Amino acid sequence: MAEQVMFYCLRCGHRFPVLHDSREVKERTCPKCLSNSVRKETPAAIEAREKRGRAG
Amino acid sequence: MMDVGRHPRVELLTNSDVDEVSGFVGNFRVRIRKRARYVNESECTACAECEKVCPVSVPDEYQQGLSSRKAIYLPFPQAVPSAYVLNMDDCLGADPIACGKCVEVCEKKCINMDAEDEFLDVEVGTIIVATGLEVYDPREQDEYGYARFQNVITSMEFERLICAGGPTEGHLVRPGDRKRPKRIGFVQCVGSRAPARGAPYCSNICCMNTVKDTLLISEHYPDSESFVFYTDIRAFGKGFEDLYRRSREVGVHYVRGLPGHVVENPESGQIRVDVENTLTGELEHYDLDMLVLSIGMVPRTNGSSKLKELLALSATSDGFVMEAHPKLKPVDAPTRGVYFAGCVESPKDVKDSVTQASAAAARAGALLSAGKVQIEAITAQIHTEECNFCGRCARVCPYGAITAPNKKEKKYPMVIQAACAGCGTCSAECPADTITMKHFSDDQYIHQVDAILAEKPMEKVVAFACNWCSYAGGDMAGTSRLQYPASVRLIRTMCSGRVDEEFIWHAFETGAPLVLLSGCHFADCHYINAVTWTQQRVEKIWNQMEKLGIRPERLQLEWISAAEGQKFAKVMRELDAMLKEVTEEEVEETKKIVAEWQREKREKEAKKKAKAASNKEEALAGAGSAGKEA
C-alpha cells in the first residue's frame with residue numbers, strides 16, 4: 001500500500017514528500033538537484049543528522 | 001491465418017495457454033495447456049446444426065456484444081481451425097434433462113462433454129511472444145457517457161457496425177433505434193495521452209483509424225457529416241498524410257478540442273456535445289446522431305504477468321514488454337532466444353506488426369539455422385562447498401539462469417551457462433560468497449580499489465560505473481569534450497548489480513572519502529531488472545553506515561545513461577565539490593569503525609562456521625556409534 005513519506009537527498013539535503021510503496025523498487029530523483037541519491041527519511045536518520053549537525 | 005493453419009511445418013495450437021517454460025536459448029521446454037474445446041476439431045465440419053439447436057444465447061465477444069452467439073459457436077467466420085467450440089461457462093450441460101441437444105444433433109458425434117484440458121510438452125529453440133494488447137475501457141471517463149447513452153459507442157464497436165461480416169452486415173445503424181446516423185462525431189485520444197485517466201502514451205493507430213472511418217462514411221453515405229474532435233492529428237507514415245488531406249477535402253469537420261460535456265436526448269437519442277474549439281477559443285455545440293469514442297490501447301492484463309514471469313521479461317513504465325535495446329535490438333527480449341512481435345511490445349498498426357513479426361521470425365530463424373549459440377565469456381560460477389542453500393542467487397537472477405537449490409535433496413544451485421548474461425547480481429547478493437564471475441573476480445575489483453587509494457586517497461572518489469550506461473556516459477562526456485574533475489576514478493563493472501557490498505566497505509576501510517555507485521536508468525537496464533537489486537543494496541548500506549555513525553552521504557548513487565554525457569560531467573563536478581567537505585579525521589575515524597565492524601563480522605562468521613562444523617562432526621560421530629551398536 002502506497003503512503004506519503006518524506007525522502008531526503010544525500011547530495012543537496014533537500015527534503016520532499018513521495019508516494020511510497022515499500023514493496024516497489026523504483027528509480028527516484030531529487031526534485032531540486034536531480035540526484036538519484038535519495039533516501040527515505042526515518043527517525044534514526046533524522047536523529048543521526050541532528051547529532052552530526054550538533055557535533056559539526 | 002489459413003496459410004499458417006495449412007503449413008506442414010507449423011503446428012497451430014488454438015485455445016491454449018503456456019503453463020511452464022524451462023531451459024534456455026536453443027533448448028526451451030514449454031508445457032502447454034490445451035484447453036478443452038469439447039468439439040473434436042478434426043472431425044467437425046462446421047455444419048452449424050449444433051448451433052441451431054442450442055437454446056443459450058449470450059453476447060458475442062467478437063461482435064463487441066452487438067449481436068449474440070450460442071454456447072456452441074464458431075468464434076468468427078474465418079476462424080482457424082474452422083471448427084466449433086463449446087463454452088462450458090455458458091452451456092446448460094450434457095444432462096439430457098438440462099439440455100444436451102447439440103450432442104444429439106451432431107451426426108459425426110464430435111461433441112464430447114467430458115473432454116478435459118490436455119497438457120503438451122514441446123521442445124523449442126526460440127520463442128516469439130505475440131500476445132497482443134487490450135483496448136481501453138472508456139467507462140472511466142464518464143463525461144462521454146459511454147455507459148449511460150446508447151448512441152455513444154467505441155471505435156471497436158463502430159468497426160463491427162461497418163464491417164460486412166458484422167452484426168448489421170455493414171449497414172451503419174445506431175444502436176439506440178437502428179436508424180442510420182447522419183451526423184457522426186469522433187472523439188480522439190480517449191484513454192491515450194492522459195496520464196491521470198488512461199495511458200500517458202499515444203496509442204499510435206487511433207488517428208488514422210478515424211480518418212479511414214470518416215472516408216468510409218463519406219464514400220458509402222455521401223449525405224452524412226462527420227466531426228472529429230481531436231488534440232492533434234498524428235498522420236505520420238507512408239500515405240497517411242494524403243489520407244488525412246483527402247478526409248478534409250471530402251468535407252469532414254476537424255474540431256481542435258475534446259468535448260467537455262456530452263448529453264443524450266432521451267426521446268430522440270440525439271447526442272449534444274459541448275466542446276471548446278482551441279483554435280477559435282469559442283465554446284461550440286454540436287448535435288449529433290452518434291458519437292464514436294476513439295479508444296486507446298493498453299497492455300494485456302489477462303495472463304500477461306504470468307508469461308512475463310515465465311520468460312523473465314520485464315515491462316517498461318507503460319506496461320508493454322521491454323526490448324533488449326530500443327534501437328539496436330527492437331524485437332529481441334532481454335532473455336536470449338525470446339523475440340517480440342506486434343502490440344505486445346507497443347501499440348502499432350498492421351503494417352508495423354507485420355514488419356516486426358517478419359523481423360522476429362528472421363531473428364529466430366537465423367539463430368536456429370546457426371545450430372549453435374555464442375555464450376557470454378563473463379558468466380557466474382558457483383563453488384558449492386560453501387553454499388548454504390539459501391537460494392538467493394536463483395531469486396535475484398534476472399534471467400532465471402540459476403536453478404533453485406534444495407537442501408533436503410542436497411541439490412546445489414546450478415548456473416545455466418547459456419542463459420547467464422554475466423550481470424553478476426548473484427555474485428554480489430550471495431551471502432556465503434560462493435559465486436565468482438569468470439574473468440571478473442572479486443579480487444580484481446578489490447585490487448582496483450586498492451590501486452586507486454594507494455596514493456593521495458583524500459583526493460579521490462572511487463566510482464563504480466556499469467559498462468553499458470554509466471561508463472559509456474563517461475565516454476560520451478569525453479568525446480563531447482566536456483570537462484570534469486580528475487578526482488573521480490572509475491572502476492568498470494558489467495552491471496551495477498555486480499558491485500558487492502564488500503567492495504564498498506573495502507573502499508571505506510582503505511580510506512576512500514567518497515564512493516559513487518552508478519548504473520543504468522531502471523528502464524534502460526541492460527540486465528532486465530538487475531539495477532533494482534543495486535538500489536536495494538545501496539539502501540541497505542546507507543542504513544548500516546548510519547548505524548555505524550558514518551555519514552550516508554559519502555556513498556552516492558546515480559543512474560546515468562550512455563547518452564547523458566552532460567549528466568555524467570555534472571555529477572562528477574558535484575562529487576568533486578563534496579569531496580572537499582570530507583575531512584581527514586572523518587576518513588580515519590571511518591577506517592577504524594569499518595575495520596572494527598568487519599573484524600567482529602568475520603569473528604562471528606568464523607564462530608558460526610566452527611559451530612556448524614562441530615555439529616556436523618557430532619552428527620557423523622553419532623551416526624558412527626549407532627552403526628557400531630547396531
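**Close-ups of chain B helices**

**View 1. Helix 8 of chain B from end to end.** With 21 residues (350-370), helix 8 of chain B runs 30 Å from its first C-alpha to its last, close to the 30 Å expected at 1.5 Å a residue (expected span: 1.5 Å times one less than the number of residues). Helices here are DSSP runs of H or I with at least four residues, strands are E runs of at least two, and both are numbered from the N terminus. Just past helix 8 of chain B, G371(B) adopts a positive phi of about 80°. This is a predicted model, where local features need pLDDT of at least 70, side-chain atom pairs count only at pLDDT 80 or more, and totals for chains, interfaces and linings use all residues. Residues are numbered from 1 along each chain as its sequence is written, while chains are lettered from A and ligands numbered from 1 in the order written.

View 2. Q356(B), A360(B) and A364(B) are the buried residues of helix 8 of chain B (buried: 20 or more other C-beta atoms within 10 Å of its own; exposed: 12 or fewer; partly exposed in between; C-beta atoms placed from the backbone). They span an arc of only 70° around the axis, so they sit on the same side of helix 8 of chain B (arc: directions from the helix axis to the C-beta atoms). Turned away from that buried side are exposed residues including K351(B), S358(B) and S369(B).

**View 3. What the buried side of helix 8 of chain B packs against.** The partners of the buried residues are strand 8 (127-129) and strand 19 (338-340) of chain B.

Methods:
Two residues are in contact if their C-beta atoms, placed from the backbone, lie within 7 Å.
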